[in-house]
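Please look through the structure below with an eye to how its parts meet one another.

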Amino acid sequence: MSGRILHIASNTFREAVRDRVLYNLIVFALLMCGAAILVGQISIDIERLVVVNLGLTAISIFGIVIAIFIGIGLVSKEIEKRTLYTVLSRPVRRWEFIAGKFFGLAGTLIVNTFFMAIGVFAALLYVSHHFQASDAGVLVALYFIILQFLIIVALALFFSSFSSPLLSAIFAFALFIIGTFAEDLRGFAALTHGAERWLATGAAYLVPNISALNVISQVAHGEPVAGQLILYNTGYALLYSAMVLFGAILIFEHRNLK
Amino acid sequence: MRPSRTVTVAATLLVITTMAGSILLLRLVDKARQGATLQEVLYISSPQALKRLSLGYSGLMADIYWTRAVQYFGGNQADNTNNYALLYPLLEITTTLDPKLLVAYEYGSNFLSAGPPLGTGQPKEAAQLVKQGIQNNPDQWHLYYDLGFIYYMGMKDYKAAADAFAQGAKLPKAHPFMRVMAANMAAHAGDIQMARMMWTTTYESSTDKQIRANAAAHLRALKVDQDISALNTIISRYENQTGLTPHSFAELIHAGVLRGVPLDPLGQPYKLTADGSVAVSDPDDLPFITQGVPLGYKPPAKPKLLPVN
Amino acid sequence: MSAIEILGLEKTYPVGFWRKRPKRALKPLSLTIEEGEIFGFLGPNGAGKTTTLKMLMGLVFPSGGTARILGRPIGDPAMQAQIGFLPEQPYFYDHLTPRELLTYYGQLSGLTTKEAERKVPEMLDRVGLRDAANVQLRKFSKGMLQRVGIAQSILHNPKVVFLDEPMSGLDPMGRHEVRDLIEQLKHEGKTIFFSTHILSDAEALCDRVAILHLGELRKVGAVADLTSAIGGRIELVWRGATIPQAFSALGAECHATGDTVRALVPESSQEAAMEALRREGLRLISLTPLRTSLEDYFVSQVKPSEATAGGKP
């Protein structure tokens with residue numbers, strides 16, 4: 001069972017690599033080089049701040065774009081090209097297919113993020129000539145960014161399991177945007193009353209809570225991230241992506257693959 | 001073949017448990033980073049920068065920041081933490097993002113100008129905010145009124161208050177009281193009549209329940225102050241005439257100086273205590289009173305505002 | 001044990017966006033296919049062939065009925081490991097080479113890495129793709145893709161192979177190769193269930209065929225049985241321009257060309273026709289019994305209902 005999930009995951013990874021997804025690393029490398037050199041010349045004392053802010057923001061945006069645009073095609077493209085039929089006619093369970101696809105794309109993003117992270121640390125070393133203790137915060141921010149990716153991949157896959165790629169992209173992107181304001185949404189909900197409050201609170205808790213996973217500005221200012229928050233965020237992101245993934249499995253299990 | 005029952009049941013159960021778990025953890029996350037959203041203000045403190053960052057969707061962004069300001073103020077009030085350092089920056093960002101968001105100026109200046117526990121006691125910032133509002137919305141007489149109010153109540157600057165009222169009175173739809181207030185400001189500064197006129201205007205011109213309740217409570221407090229002054233005059237006259245200290249209103253009624261037991265603005269009878277001083281029977285319902293507070297009374301942390309219809 | 005048993009399998013799809021109306025894609029279908037058979041599943045486009053195959057593969061859930069393959073229910077992994085499937089016009093993962101693709105499918109079918117390493121090159125040789133083994137599939141022609149498709153369906157040595165329109169879109173050479181492959185598979189003792197709308201292929205290969213039209217099974221049987229049922233005709237050619245009077249009574253179709261006449265008469269009237277010719281003193285040049293092709297049968301089966309279908313408002 002786990003073997004088949006692994007094979008599907010590695011095929012998904014290979015597909016992303018061969019479709020030249022990792023070319024974004026070149027753009028990223030150019031961006032980091034340019035930033036490191038320029039910042040060193042024009043600003044004093046905030047080189048580190050700019051490198052961390054720019055680097056982490058770029059990692060996050062690149063990854064989310066990849067997660068959405070590959071994620072939405074994970075299932076629908078396989079149906080369109082009829083490749084899914086040959087896979088599912090074999091002793092492969094539908095849930096194994098979904099799980100394999102998820103791990104494949106998540107793995108792609110983790111590898112991609114790993115290379116980008118090297119770029120950020122290289123740029124940091126270039127501008128400040130040594131690492132500081134507070135640079136550990138950058139690792140935490142990177143970890144949180146990967147947790148964000150897990151949620152987005154799960155959402156894109158979820159929509160892909162029953163909707164067209166275009167609609168899936170719109171839904172996934174909209175949820176990402178709403179998710180970055182999840183805390184404000186819960187604030188809005190707290191201001192309403194009665195039945196509306198229940199509805200609004202329910203909706204506010206169901207959208208992905210992306211904002212808590214974004215600590216870029218905090219670590220750019222060298223502030224530490226509480227260990228408790230790391231723990232809770234990990235738990236939250238894993239449970240939330242699992243929830244979305246199980247939802248995708250539930251829908252996909254019942255789908256007629258016309 | 002049917003969809004697998006095992007997969008269906010297992011996935012449904014797992015969706016429910018992971019959903020419950022994620023909500024639980026989200027509450028923990030929220031607790032672990034209380035006010036973290038607001039800390040953003042510390043990173044991007046320039047409202048102009050934020051406006052550019054909102055990519056043209058500044059209206060929505062303003063609404064979000066306004067909610068944050070209300071939440072921040074309400075949250076801190078509930079917790080009794082008297083640290084409101086972020087309120088003014090939040091309001092400044094909100095009104096920069098949407099300069100026409102009148103509620104932010106009016107409500108915001110209300111938060112800032114009133115002393116604790118109703119507000120943050122920052123009348124200078126309140127005046128600054130309203131001035132910005134006037135600059136962006138010069139045709140809103142209400143903002144001039146708010147400004148005059150802050151000068152009068154918060155800063156006791158009667159000259160500036162008179163100027164604000166006078167300017168606002170020139171606007172076409174201005175409340176008629178504005179002109180009267182401008183005229184009387186210099187002569188009757190600090191007088192109960194003046195205060196009553198201002199709170200009446202607030203009460204009449206606002207549609208916000210909270211603001212109206214607050215104005216009504218202040219009007220009742222003024223009435224209590226007036227009543228008790230009048231009662232004290234009667235009592236001292238009675239003492240002078242008879243040389244006796246009255247211990248109840250019944251004595252005064254018997255002597256023919258009172259027609260009945262006097263009632264406070266809420267219809268409750270005033271009490272005459274053994275030492276001859278007048279007090280209200282339920283001080284919780286009458287916040288802001290300066291006279292008639294029973295001896296040893298401790299006001300609640302948050303003033304009780306009776307709802308208005 | 002039968003290779004495939006289909007018992008009252010049916011499918012109704014809801015169609016339309018708002019008010020969904022049911023559309024019957026397949027009326028209750030019952031079929032039994034024995035082990036070692038090549039079974040042709042015939043019908044025009046839209047007859048319900050692909051729907052049936054998808055239900056057997058567990059891709060579409062039937063609205064009613066059941067089916068068993070190799071004695072096991074649909075969706076049973078133990079059964080799925082012993083069947084192969086080639087969908088209609090497959091594309092496959094075009095970022096892979098045939099070697100990688102076959103290895104991937106082999107792994108999904110439960111082959112160990114070692115088995116896959118041994119079997120994949122063998123299979124590539126067998127379908128004639130040895131030289132293209134390391135070329136990405138995006139550069140493949142349709143015929144080459146079809147070969148890859150057949151390779152993936154038989155790689156894990158399945159007992160039953162399902163092929164959906166395996167010959168469509170291929171050039172004559174390609175079709176010939178696929179035919180040969182199917183015959184080889186039969187020699188290896190595999191059961192083959194293939195759908196097609198190309199009759200000559202079915203005629204050349206199948207032990208038995210089923211004819212499906214508008215979601216309904218019209219006929220099942222051996223090719224010879226079906227064609228004989230329709231009744232054969234005889235072609236008579238003689239010299240001269242005369243057509244004996246008796247021919248019209250026999251229900252013959254006659255065509256005069258130059259100095260010969262060609263007539264088609266029912267098999268049963270052969271003696272009477274010969275007798276008539278003898279009486280007139282006409283010289284017979286040739287007498288040919290005409291075998292009814294599956295095509296004729298197919299047309300005779302499909303035509304009437306198409307007329308009624310077309311007549312509906």
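In this predicted model, local features need pLDDT of at least 70, side-chain atom pairs count only at pLDDT 80 or more, and totals for chains, interfaces and linings use all residues. Residues are numbered from 1 along each chain as its sequence is written, chains are lettered from A in the order in which they are written, and side-chain values use heavy atoms, with hydrogens and water left out.

**The two domains of chain B**

- Domain 1 of chain B and domain 2 of chain B bury about 1100 Å² between them, with 67% of that area on carbon and sulfur atoms; buried area is the accessible area (1.4 Å probe) that two parts lose on being put together, summed over both.
- The assignment for chain B gives domain 1 as 36-213 and domain 2 as 222-309, and such bounds come from an automatic or database domain assignment.
- The centres of these two domains of chain B, taken over C-alpha atoms, are separated by 34 Å.
- Contact (heavy atoms within 4.5 Å) joins 14 residues of domain 1 of chain B to 12 residues of domain 2 of chain B.
- Between the two domains of chain B the count of salt bridges is zero, where a salt bridge is a side-chain nitrogen of Lys or Arg within 4 Å of a carboxyl oxygen of Asp or Glu.
- One residue pair, both at pLDDT 80 or more, is in polar contact across the interface of domain 1 and domain 2 of chain B; a polar contact is a pair of N or O atoms within 3.5 Å, and within protein one must be able to donate a hydrogen and the other to accept it, while residues adjacent in sequence count only if both atoms are side-chain atoms.

**Chain B against chain A**

- Here 30 residues of chain B are in contact with 34 residues of chain A, and the area buried between chain B and chain A is about 3000 Å², of which carbon and sulfur atoms give 72%.
- The rule finds two salt bridges across the interface of chain B and chain A, and B:Asp30 forms a salt bridge with A:Arg186 in which the closest N and O atoms are 2.7 Å apart.
- Five residue pairs, both at pLDDT 80 or more, are in polar contact between chain B and chain A.

**Chain C against chain A**

- In this interface 35 residues of chain C are in contact with 28 residues of chain A, and the two chains bury about 3000 Å² between them, 53% of it on carbon and sulfur atoms.
- Of the area that chain C buries against chain A, C:Leu59, C:His95 and C:Leu108 supply 22%, more than any other three residues.
- Three salt bridges are found across the interface of chain C and chain A, and A:Asp19 forms a salt bridge with C:Arg138, with the closest N and O atoms 3.8 Å apart.
- The rule also finds 16 residue pairs in polar contact, both at pLDDT 80 or more, across the interface of chain C and chain A.

**The two domains of chain C**

- Chain C is divided into domain 1 (4-228) and domain 2 (233-290), and the C-alpha centres of these two domains of chain C lie 46 Å apart.
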